[in-house]
Amino acid sequence: MADREAPENHVAGYAEILLGACATGRRLTRAELESRRVQGERAAEAGLPLRGLIRDHLAAAQEIQPRLAAGAVGSLLAVVEQAVDAFAEGYERAQHHAVRQEEAARREFIDDLLYGRSDLGRLAERAERFGLRLSQAHAVAVAAGPEPYGDGYPVARGIEEAVLSRFGNRKILLATKDGRLVCVAPGDQPDVLAHFAKRAYAATDGGRVAIGRSHPGAGGVVHSYEEALNALDLADRMNLEGPVLHAADLLVYPVLTRDRQAMADLVESMLGPLRRARGGAGPLLDTLAAYFDSGCVATEAARRLSLSVRALTYRLERIHTLTQADPADPRHRYTLQTAVIGARLLGWPGSGP
């Protein structure tokens, strides 16, 4: 920029202001202070370093000092302080405005990128500004904590700083979206998302991270993001354990629900009789889930349910009686386990199949 090579432009009129104030010992007027704020804003917009500009202001004050009356030196120091403070205020005001504009542009880009909006060509151009090359494949990790993440929150800022300080030379985008922290990284750099997941988990109490698969292009970012969101949703519905979920490990669940009506029929056919049990189907459904999740080891399932092995065995026998399917029999186990997974996915029996 032209102004970048001419910082003296931003002290123009400054000496005259100082001389006028020192002549009578007055303070700077409101108009004079505002003129210095405006010059500070222009200097910031031109990208000039503040430290050098302050030196220019002090040098200009030293140049006019011999022209002042002997008793005016004290007044000079006072008005220089006023002028420099107003100039710095304008400089900071412009910087804050630029930051707000950048944040708004970033939020708009994140919305368009993750929801697949905007022209793909234009989106790719904007992506370069934020460090992404959409011609490459990308994967997305989404962190959800017990409290929503927001722009500027200490936790979110700390995670972002930790990731960028380690991988600052990589093409990475970190942002918050809908109360979650999102990391977009090249698909061939899983170490970035692994570190992000580690830092996000360490920074929250009970947080969880889901990582989508790598997909090419702008649409691939959307696909990976949706996979990560679906993984978080599955983790809640299926009570999946572990702080980090990989969408690639959960592909069986979308397959099972692709024909939702068929799954609902299976759930109702296999598990519907459990409604006749005292206390309803819920406790027996939890028993089956714990039994299958523990690898059909009765002692481990009993521990997870805080039951005695005898009580667990009684429940399994009750399930056998009601459904005519024996959880311990390999011939029945797969069908029952699939029905239990379907029940969790469909929210059965709470909201019906």
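This note sets out several points on the helices of the structure and the residues within them.

1. Basis of the note. The structure is a predicted model, in which local features need pLDDT of at least 70 and side-chain atom pairs count only at pLDDT 80 or more, while totals for chains, interfaces and linings use all residues. Residues are numbered from 1 along each chain as its sequence is written, and side-chain values use heavy atoms, with hydrogens and water left out.

2. Helix α3. Helices here are DSSP runs of H or I with at least four residues, numbered from the N terminus.

3. The buried side of the account of α3. Gly52, Leu53, His57, Ala60, Ala61 and Ile64 of α3 are buried (under 20% relative accessible area, with a 1.4 Å probe and protein chains only). The cover over the buried residues of α3 includes α1 (14–24), α2 (30–45) and α4 (73–114).

4. His195. This residue belongs to helix α7 (residues 190–203). Because its relative accessible area is 11%, His195 counts as buried. Apart from neighbours within four places in sequence, His195 is in contact with Ala162, Val163, Arg166 and Phe167, where contact means heavy atoms within 4.5 Å.

5. Leu288. Helix α11 (residues 282–293) contains Leu288, which is buried because its relative accessibility is 0%. With neighbours within four places in sequence set aside, Leu288 is in contact with Leu271, Leu274, Ile319, Pro327, Leu336 and Val340. Val340 is 52 residues from Leu288 in sequence, yet their C-alpha atoms are 7.2 Å apart in space.

6. The aromatic pair. Rings of Phe, Tyr and Trp (its six-membered ring) pair if their centres lie within 6.5 Å, and the count by this rule is 1 aromatic pair. Tyr291 and Phe292 form that pair, with 5.9 Å centre to centre and 55° between the planes, a tilted arrangement (under 30 degrees is stacked, over 60 edge-to-face, and the rest tilted). Both Tyr291 and Phe292 are buried.

7. Helices α11 and α12. The axes of α11 and helix α12 (residues 298–305) come within 8 Å and cross at roughly 130°. Asp286, Thr287, Ala290, Tyr291 and Asp293 in α11 meet Ala298, Ala301, Arg304 and Leu305 in α12.

Notes: Helix = DSSP H or I, 4+ residues; strand = E, 2+ residues; numbered from the N terminus. Buried < 20%, exposed > 50% of the residue type's maximum accessible area, 1.4 Å probe, protein only. Axes fitted to C-alpha atoms, helices over the stretch in contact; angles between N-to-C directions.
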